[in-house]
Amino acid sequence: LLATGKSFMAERDSEMIRYGEQFSILNFQFEINDQIFNSQITISDRKRFEVNGVAKRQMDFVGRLPAVCFSPQDMELVTGSPGGRRRYLDFVISQMDREYRRCLVSYEKGLRQRNKLLEMIREGLAGRNQLFFWDRLLIKDGEYITRKREEYLSDENLLYDKSVISETRLKQYEVEEVAAAATLVGPHRDDFVINLKGRDVSKYGSRGEQRMAVLGLKKKEIEYLGGNPLLLLDDIFSELDAKHREEVMKLVHGYGGQVIITTTDGSVIRSSLHAQIV
């Protein structure tokens with residue numbers, strides 16, 4: 001939440017408020033490069049962000065504390081829906097790229113407006129000429145989003161299934177879009193596939209191979225964020241066999257940054273000489 005402004009578990013902000021209460025306040029203190037930051041997030045009808053007592057927009061709040069989170073839910077990156085994989089890309093890239101965050105917010109707002117307009121056109125309440133502004137906006141923001149996703153997925157084990165948005169492709173689907181009242185091309189329809197030895201690991205990989213594919217994604221994420229980001233391991237050992245636990249602990253023991261682990265198996269933590277158990 002401190003790193004990205006969003007919970008990696010809660011689907012809605014209201015889920016982070018204690019039942020029966022009206023709001024939740026979270027206070028954090030962290031140190032980066034000998035500089036101490038005091039941050040606060042207030043969750044009510046909307047989220048409010050502060051850093052050292054100064055109010056911030058979410059897009060200005062994000063990126064101060066790079067973090068990588070590895071949880072059992074991350075298996076969905078292999079077996080889940082394309083939407084989950086798109087959210088993962090946005091989660092990672094947004095931490096490092098302010099312009100990506102801006103384009104993403106702008107694109108999502110523009111997409112909602114364009115889809116509403118397509119519905120009005122279908123009902124005879126608007127003309128196609130009114131799409132011009134939203135087409136230009138989505139093409140501009142979408143091109144940047146696609147380019148940055150393509151750069152992140154430039155790996156022989158990752159296949160980027162991109163949906164390019166352009167004037168030509170929007171023209172190609174103009175009849176279908178009005179009928180569906182939905183924009184049918186663009187990065188909101190992107191996906192990616194993880195390959196293992198030339199095979200789609202979601203279809204042909206064992207459960208163990210799928211776990212290792214996720215671990216490989218996390219290693220790439222760490223490399224992308226650079227500077228030993230905060231590593232968060234949320235109850236992952238309950239999902240791993242002995243071999244894969246050992247692989248994760250090799251990463252932990254050789255890691256140069258701070259690692260926070262939640263687990264019900266104390267033996268995993270005690271194997272680390274520098275662990276502080278809370």
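Select helix H3 (residues 82-96) together with helix H9 in this predicted model: the two pack at an angle of about 20°, with their axes 10 Å apart. Helices (H or I, at least four residues) and strands (E, at least two) are DSSP runs, numbered from the N terminus. The axes are lines fitted to C-alpha atoms, for helices over the stretch in contact, and angles run from 0 to 180 degrees between N-to-C directions. H3 and H9 are therefore roughly parallel to each other, on a scale where angles under 35 degrees count as roughly parallel, over 145 as roughly antiparallel, 65 to 115 as roughly perpendicular and the rest as oblique. The crossing of H3 over H9 is right-handed; a crossing is left-handed if the near helix is turned anticlockwise from the far one by less than a right angle, and right-handed if clockwise.

Now show the side chains at this crossing. Tyr88, Phe91, Val92, Ile93, Gln95 and Met96 of H3 meet Leu217, Lys218, Glu221, Tyr224 and Leu225 of H9, where contact means heavy atoms within 4.5 Å. The residues of this contact divide into eight nonpolar, one polar and two charged, with Ala, Val, Leu, Ile, Met, Phe, Trp, Tyr, Cys and Pro counted as nonpolar, Asp, Glu, Lys and Arg as charged, and the others, Gly among them, as polar.

Residues are numbered from 1 along each chain as its sequence is written, and side-chain values use heavy atoms, with hydrogens and water left out. Because the model is predicted, local features need pLDDT of at least 70 and side-chain atom pairs count only at pLDDT 80 or more, whereas totals for chains, interfaces and linings use all residues.

Stay on H9 and select residues 207-225. At 1.5 Å a residue, the 19 residues of this helix should span 27 Å, and its end C-alpha atoms are 27 Å apart, which agrees; the expected span is 1.5 Å times one less than the number of residues. Colouring by accessibility will pick out the buried residues of H9, among them Gly208, Gln210, Ala213, Leu217 and Ile222, where buried means under 20% relative accessible area, exposed over 50% and partly exposed in between (1.4 Å probe, protein chains only). The buried set also includes the charged residues Arg211, Lys218, Lys220 and Glu221.

Next, select helix H4 (residues 98-122) and helix H5 (residues 132-152), which pack at an angle of about 140° with their axes 9 Å apart. These two helices are therefore oblique to each other, and H4 passes H5 in a left-handed crossing. Residues in the contact include Tyr100, Cys103, Leu104, Tyr107 and Leu111 of H4, and Trp134, Leu137, Leu138, Tyr144 and Ile145 of H5. By class, this contact has eleven nonpolar, four polar and eight charged residues.

Two further residues on these helices are worth a click. Asn115, in helix H4, is in contact with Ala181, Ala182 and Thr183, leaving aside its neighbours within four places in sequence. Thr146 lies in helix H5 and counts as buried, at 9% relative accessibility. With neighbours within four places in sequence again left aside, Thr146 is in contact with Tyr160, Lys162 and Pro187.

Move to strand E7 (residues 191-196) and select Asn195, which counts as buried at 18% relative accessibility. Not counting residues up to four places away in sequence, Asn195 touches Asn157, Leu159 and Asp200.

From there, step to Lys197, in the loop between E7 and strand E8 (199-200). Most residues other than glycine have a negative phi. Phi of Lys197, however, is near 55°, a positive value, and this residue is exposed, with a relative accessible area of 72%. A second case is Asp34, in the loop between strand E1 (24-32) and strand E2 (35-43): its phi is near 65°, again positive in a residue other than glycine, and Asp34 is exposed, with a relative accessible area of 73%.

Finally, zoom out to the whole protein, whose secondary structure comes to eleven helices and ten strands. The C-alpha trace spans about 70 × 50 × 40 Å along its principal axes, and buried residues make up 43% of the 278 residues. Among contacts between residues at least 6 apart in sequence, 64% join residues at least 24 apart.
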